[in-house]
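Here are my notes on the model you sent.

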Amino acid sequence: MKAHSSSRPTTRKWAVGLALAAIPLFGFDRGCVTQPQTDILVTSPSVNVQGYIGRYDDNTLEWQENMAGWARMRVNGGAFMAWDQTDANNVWQQSAVPLPLGVNVLDGETWRSTPNGVVSGNIDDFILERKNDLVANGSQPVFLDWSAAGLDAELKAIATGTLNGPLTAAQQNAFVANVKAGVANFFTNAYAGTSVTLASAPGTGVHTVKFIVGDSCSLFGYSPGDYKNTNKTQTSHVLIGTFRCVLVDRLVSTTPAELTDTLAMRVEDVATAIGRTTAHEVGHSLGLTAEGETRLHGCGGSHNCEAYDDANPSDRFDVGHHIMDPGGSSKLYARIGQSNPNTRAKKTPYFERYGKSYLKLIHP
Ligand SMILES: [Zn+2]
């Protein structure tokens, strides 16, 4: 046990002020949390929290080695725990931080001595939400069913409608095959770290994703919401005709995609968009993002909630970069895995830490 109670020097405030006055560009310290992940669900009544102290100049981490200092945390604005001194690797630890059931906001502070005086820093607010209603629920196999008629023609129409071409029949067939493989690959990567995995056939206990043509130009998919995944034999639908309609209409005008892109680039764009919706619909059937304070704080039809994200120190919404962001607020450039509408910069859609922590609890 290396934690000790220690009062902070009474000269701290004027010492920092003096340092700031003498060196206008003096940086600041920040306590960074490395364990556990922040903004996740946990089931234990207490956790050990670890981190380091970093010195920042102009918001850039300058150095973090040999920063002998102290850190302490508190939960929900309560009493601070005992100061813990960093070890030889600049790591501080708060042992057995108690977590009441529900949403907990943790924060803290740091200090260390320097030749210019004592420098203090903050450990920014973060959420650790403790739940006791989630139990491991085995694995969830998922079968991707591309057997419906007309799907290949819709996919080919996306390629020919968003590239200068002309594309040969062989190129169009390769596009179809590579998009389907890319969807499977996206799905597997999105659910990495969970036991939600692809199956080679449908059946009892297998979730089926039925790809259909549909007759919509706005609905990408639908599925049954199922908090805690109480029924593993469900069916989701993904409407490929909607992707054809929307992508031919708006891909080039609202995303970094160009008519001059390569076929391989378009495969990745389309596989990412369809893969994201596939992962999204299956996510609903596993319980994401169930609405209500005792569930997962979703809103707008069990989606990641922008209002919750705005009101809390959390990372639950990002215009479609998160897989469970609501359809109406998900930008097309985010759906194809781009960070912005203008210049290509890859940002693959993902389950944010909170949603992934839920999936890992029910399907470890
Ligand atoms: Zn949805």
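1. The expected span of a helix is 1.5 Å times one less than its number of residues. Helix 2 (residues 151-162) has twelve residues, so it should span 16 Å. Its end C-alpha atoms are 17 Å apart, which agrees. Keep in mind that this is a predicted model.

2. Overall picture. The protein has eight helices and 14 strands. Its C-alpha atoms fill a box of roughly 75 × 45 × 35 Å along the principal axes. Of the 364 residues, 48% are buried. Take the contacts between residues at least 6 apart in sequence: 70% of them join residues at least 24 apart.

3. Which residues of helix 2 are buried? They are L151, E154, L155, I158, A159 and T162. These residues cover an arc of only 140° around the axis, which puts them on the same side of helix 2. The cover over them includes helix 3 (169-190), strand 12 (207-212), helix 4 (240-254) and helix 5.

4. Helix 2 against helix 4. Two packed helices are described by the angle between their axes and the distance between the axes. For helix 2 and helix 4 the angle is about 0°, and the axes are 9 Å apart. Angles under 35 degrees count as roughly parallel, and helix 2 and helix 4 are therefore roughly parallel to each other. On the helix 2 side, the contact is made by L151, E154, L155, A157, I158, G161 and T162. Helix 4 brings I240, G241, F243, R244, L247, V248, L251 and V252.

5. Helix 2 against helix 3. Here the axes come within 9 Å and cross at roughly 110°. That makes helix 2 roughly perpendicular to helix 3. The contact uses D152, L155, K156, A159 and T160 of helix 2. From helix 3 it uses Q172, N173, F175, V176, V179 and K180. L155 is listed in the contact with helix 4 and in the contact with helix 3.

6. Helix 5. This helix has 24 residues. From first C-alpha to last it reaches 34 Å, close to the 34 Å expected at 1.5 Å a residue. Of its 24 residues, 20 are buried, so helix 5 is largely enclosed by the rest of the structure. Just after helix 5, G287 takes a positive phi of about 115°. Please look at that residue in the model.

7. The zinc site. Which residues coordinate the zinc ion? H280, H284 and H303 do, each through NE2, at 2.0 to 2.1 Å. The donor residues are spaced H-x3-H-x18-H in sequence. H284 lies in helix 5 (residues 263-286), and H303 lies in the loop between helix 5 and helix 6 (306-311), so the pair ties together parts that are 19 residues apart in sequence. Are H284 and H303 buried or exposed? Buried means under 20% relative accessible area. H284 is at 8% and so counts as buried. H303, at 12%, counts as buried too.

8. Helix 8 (residues 353-362). This helix is mostly covered: seven of its ten residues are buried. The buried ones are Y354, G355, K356, S357, Y358, L359 and I362. They pack against strand 2 (40-42), strand 9 (117-130), helix 3 and helix 5.

9. V49. This residue sits in strand 3 (residues 46-57). At 0% relative accessibility, V49 counts as buried. What does V49 contact, leaving aside its neighbours within four places in sequence? The contacts are V33, Q35, P36, M73, W92, Q93, Q94, V97, L106 and F126. N104 is 55 residues from V49 in sequence, and the two C-alpha atoms are 14 Å apart in space.

10. A334. The place of A334 is helix 7 (residues 332-335). A334 has 0% relative accessibility and so counts as buried. Setting aside neighbours within four places in sequence, A334 is in contact with V319, G320, H321 and P349. A334 and V319 are 15 residues apart along the chain, with their C-alpha atoms separated by 6.9 Å.

Definitions and conventions: Residues are numbered from 1 along each chain as its sequence is written. This is a predicted model: local features need pLDDT of at least 70, side-chain atom pairs count only at pLDDT 80 or more; totals for chains, interfaces and linings use all residues. Side-chain values use heavy atoms; hydrogens and water are left out. Donors are N, O and S atoms within 2.8 Å of the metal (3.2 Å for Na, K and Ca); water is not among the atoms, so sites may look incomplete. Helices (H or I, at least four residues) and strands (E, at least two) are DSSP runs, numbered from the N terminus. Buried means under 20% relative accessible area, exposed over 50%, partly exposed in between (1.4 Å probe, protein chains only). Contact means heavy atoms within 4.5 Å. The arc is that of the directions from the helix axis to the C-beta atoms. Axes are lines fitted to C-alpha atoms, for helices over the stretch in contact, and angles run from 0 to 180 degrees between N-to-C directions. Angles under 35 degrees count as roughly parallel, over 145 as roughly antiparallel, 65 to 115 as roughly perpendicular and the rest as oblique.
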